[in-house]
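Colleague: I would like to go through this model with you, starting at the ligand. Please show it first.

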Amino acid sequence: MNITITKPFMPPYAEFQSYLTGIWEREWLTNNGPLLNELELKLKEHLDIEHLLFLNNGTIALQIAIRALELEGEIITTPFSYVATTSSIVWEHCQPVMVDICPDTLNIDTSKIEQAITQKTTAILATHVFGNPCNVEAITAISRKHNLKVIYDGAHAFGTKYKGISLLSYGDVSTCSFHATKLFHTVEGGSVTTADPDLLKRMALMRNFGHVSAIEFGDVGINGKNSEFHAAMGLCNLKYIQEILTVRRTLSERYMSKLEGLPVKFQKILSRADYNHAYFPVIFDTEAKLLKLVEQLNLNNIFPRRYFHPSLSKLPYVHEQSTPIAEDISPRILCLPLYHTLSVEEVDMICRFIKRDLRYG
Ligand SMILES: Cc1ncc(COP(=O)(O)O)c(C=O)c1O
């Protein structure tokens with residue numbers, strides 16, 4: 001059996017099937033169905049967030065957020081994230097301006113944001129990388145001082161709390177991804193959350209082609225809707241979220257205890273965060289060491305992933321920008337397998353390979 005970077009959480013089949021029975025009876029597959037509404041309600045309750053829209057993925061969530069906030073010109077962002085963070089900015093005809101990351105937290109270095117602000121800057125789009133909270137206080141202060149909007153790419157942030165509240169409650173808009181690779185998933189899916197009811201209305205309109213009624217259109221929209229099948233998966237999985245988070249914590253602590261003392265670095269989690277253990281990234285001294293280890297692991301059917309490489313400042317459609325820290329870390333960082341059915345014994349085995357490789361390689 002392969003050990004891959006992640007495997008989706010699979011709820012008991014019978015539970016999913018019972019939702020299917022209802023879908024068959026209602027013959028209502030998509031377009032604001034009852035399961036979608038139930039999921040939105042349950043997610044709002046669970047996250048203790050007032051406004052949330054369930055969308056078809058986390059990329060559309062970013063694009064809708066950028067559109068709804070009417071952003072143009074330059075958006076300050078991070079070079080260390082998944083490509084969708086940058087591509088969404090470019091897709092919406094804005095220019096990504098990369099600010100380097102903090103080498104410990106791997107999030108945007110807020111002490112460098114102000115020097116990147118120009119007359120054209122309209123927003124900050126920062127990623128809570130691997131579910132680790134950005135310095136949200138500093139970002140709020142900078143955005144107020146310079147009158148900028150804030151979007152958080154919270155694709156990894158489900159389940160993390162900062163100062164006791166969901167990380168998805170920060171910013172003008174927070175987005176999330178519920179893709180099958182994420183700890184809470186709906187197969188494909190995502191969300192936008194906001195405290196602003198007007199913004200919510202605009203994003204809801206955009207999610208559904210701009211329809212105000214069957215024959216009236218209020219704004220340019222897109223198809224950001226999600227289906228009853230995806231909502232059903234979300235409803236099944238949400239029941240297990242505590243168990244999912246607990247297992248991830250146990251496995252991450254096991255990795256940490258077994259890898260302690262080796263010449264590797266770990267991501268520093270912001271203090272006062274209740275972290276979701278979305279990923280287990282390890283930073284090596286050199287890319288050569290990482291590549292040698294990956295080869296060894298692959299030979300043993302273990303498949304970690306190089307999140308995130310390359311640095312987004314190197315994308316072919318982004319103007320050349322210098323972010324030396326991101327460019328230095330990206331080739332040296334590896335995410336180790338982490339998923340609900342991964343066993344402690346498998347973690348121990350992966351750690352033995354790493355130890356052997358680093359000590360005797
Ligand atoms: C940081 C980040 N942003 C955005 C996305 C896009 O989410 P989705 O795959 O749901 O479109 C991802 C997906 O993996 C991600 O990791």
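Colleague: How far is an oxygen atom of the ligand from an N or O atom in the side chain of Thr59?

Modeller: This is a predicted model, where local features need pLDDT of at least 70, side-chain atom pairs need 80 or more, and totals for chains, interfaces and linings use all residues. Residues are numbered from 1 along each chain as its sequence is written, and side-chain values use heavy atoms, without hydrogens and water. A polar contact is a pair of N or O atoms within 3.5 Å; within protein, one must be able to donate a hydrogen and the other to accept it, and residues adjacent in sequence count only if both atoms are side-chain atoms. For the side chain of Thr59, the distance to a ligand oxygen is 2.6 Å.

Colleague: How much of the ligand's accessible area does the protein cover?

Modeller: Accessible areas come from the Shrake-Rupley method with a 1.4 Å probe; for residues, only the protein chains shown count as cover. On its own the ligand has 380 Å². The protein covers 90%.

Colleague: How do the residues of the shell around the ligand divide?

Modeller: The ligand is surrounded by 14 residues (a heavy atom within 4 Å). Asp153 and Gly58 are among the closest. Ala, Val, Leu, Ile, Met, Phe, Trp, Tyr, Cys and Pro count as nonpolar, Asp, Glu, Lys and Arg as charged, and the others, Gly among them, as polar. The shell holds 3 nonpolar, 9 polar and 2 charged.

Colleague: Why is the pair of Trp24 and Phe229 edge-to-face?

Modeller: Rings of Phe, Tyr and Trp (its six-membered ring) pair if their centres lie within 6.5 Å; planes under 30 degrees apart are stacked, over 60 edge-to-face, the rest tilted. That gives 15 aromatic pairs. Trp24 and Phe229 have ring centres 6.2 Å apart and planes at 85°, so this pair is edge-to-face.
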